[in-house]
Amino acid sequence: MTEEIVYLEPRGAFHLGERGIGLEETSPLLHADTLYAALGVAWAMLFGEPALAEEWFRPEPPVLISSAFPFAGPVRFYPRPYLPVRAEALPFPLKDIAFVSEGVLRRMLRGQLLEEGVQIHEGTVWMTGEEAEALREAFGRRDLTGERFWARRRIPRVALDLVTQASSLWHFGRLVFREAGAGLFFRVRYRDPAQAERFRAAVRLLGDHGVGGDRTAGHGLFVPRFEPADPLGDPAAPAFITLAPVYPPRDQLETLLGEAARYGWLTRSGWIGGRLAMPYRRRAVRMLAEGSLLTGDPRGLWGAMADVTPRETPEPLPHPVYRYGFAFPIGASKEALAETGA
């Protein structure tokens, strides 16, 4: 399958919703199910509503996409995978690492010894020394200590009661990138190469339409850039890391969650979106999180479209509601699995 990297170079801030307590949170990544749904809206706008069911939300999708993760200059970052870390000694607690660079990830997938490298973002992002040097050169930095290329910000907003005009203060979360040349990226595999140009057209339209929340205020706009991708991992490996949340059907669970599997769960819900807004929430589903180590063939199609149509609504909905739940597998070698008992 042909693979590309798609860069989303921001034209402003993003709001990638996560519910908080008393305020609105935002995620530092764009989950693949949200991205796929947003691209579906663009697909329908370009090719018509029938194409949505016939081509996009079908049991076997035309493309596989990863979630969108941060990048800065030439360095791409991924969630820390559920793999053992082989290093002589690390001067920092591994549990604090949220993202690893592509260089670190490739070494982890091969089971190679890792160097101390460089940490940024208050010790939550880990990269190799070579990548740190490339980042310093790209942004003209002599030292990366204290650098943050993206950040989550909370801004105050006021809500007014329509009847009493009483005001209440709440907070709104925004994901901002502090430098030109930093933003989000995702990987795409074209299962049907004939759809590649149509897919790129949908991404370009989405850049003008926006992705995520609060788009009417200008959030979520981006300029896309497409680049051929060198595949990650070994496609013939005995297990894989997924770069997208997975909704596993029952008949796949035993295979995916074998003895060597290490994984986390996400609960995914939210309002029904589309070309027309609806005042209903999708049914919540549990999905295997990005970075999970799963014991299936990386060349297989793992996961499913989850039917999240609300069970009861005052009036019938015009169509079923689905959530994209397919893995984006990258093979993890036997050497990488050794300490997990594989």
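Strands β14 and β20 pair in the antiparallel sense over four bridges. In this predicted model, the two strands belong to an open three-stranded sheet with the order β17-β14-β20 and antiparallel pairing. A helix pair, α1 and α2, packs at an angle of about 130°.

**Sheet**

- β17 (293-294) and β20 (329-332) are the edge strands; each has a single partner strand, so one side of each has no neighbour in the sheet.
- β14 spans residues 239-242 and pairs with β17 in the antiparallel sense over two bridges.
- I241 has a bridge partner in β20, namely I330.
- In β17, I241 is bridged to L293.

**Faces of β20**

- In a regular strand, side chains alternate between the two faces of the sheet.
- β20 is covered on both faces: P329 and G331 are buried on one side, and I330 and A332 are buried on the other.

**Helix pair α1 and α2**

- Two packed helices are described by the angle between their axes and the distance between the axes.
- Helix α1 covers residues 32-47 and helix α2 covers residues 49-56, and their axes lie 7 Å apart at an angle of about 130°.
- α1 and α2 are therefore oblique to each other, and α1 passes α2 in a right-handed crossing.
- On α1, the contact is made by Y36, L39, G40, W43, A44 and F47.
- On α2, the contact is made by E49, A51, L52, E55 and W56.
- By class, this contact of α1 with α2 comprises eight nonpolar residues, one polar residue and two charged residues.

Note on methods:
Residues are numbered from 1 along each chain as its sequence is written. This is a predicted model: local features need pLDDT of at least 70, side-chain atom pairs count only at pLDDT 80 or more; totals for chains, interfaces and linings use all residues. Side-chain values use heavy atoms; hydrogens and water are left out. Two strands pair if DSSP finds at least two bridges between them. Axes are lines fitted to C-alpha atoms, for helices over the stretch in contact, and angles run from 0 to 180 degrees between N-to-C directions. Angles under 35 degrees count as roughly parallel, over 145 as roughly antiparallel, 65 to 115 as roughly perpendicular and the rest as oblique. A crossing is left-handed if the near helix is turned anticlockwise from the far one by less than a right angle, and right-handed if clockwise. Contact means heavy atoms within 4.5 Å. Ala, Val, Leu, Ile, Met, Phe, Trp, Tyr, Cys and Pro count as nonpolar, Asp, Glu, Lys and Arg as charged, and the others, Gly among them, as polar. Buried means under 20% relative accessible area, exposed over 50%, partly exposed in between (1.4 Å probe, protein chains only).
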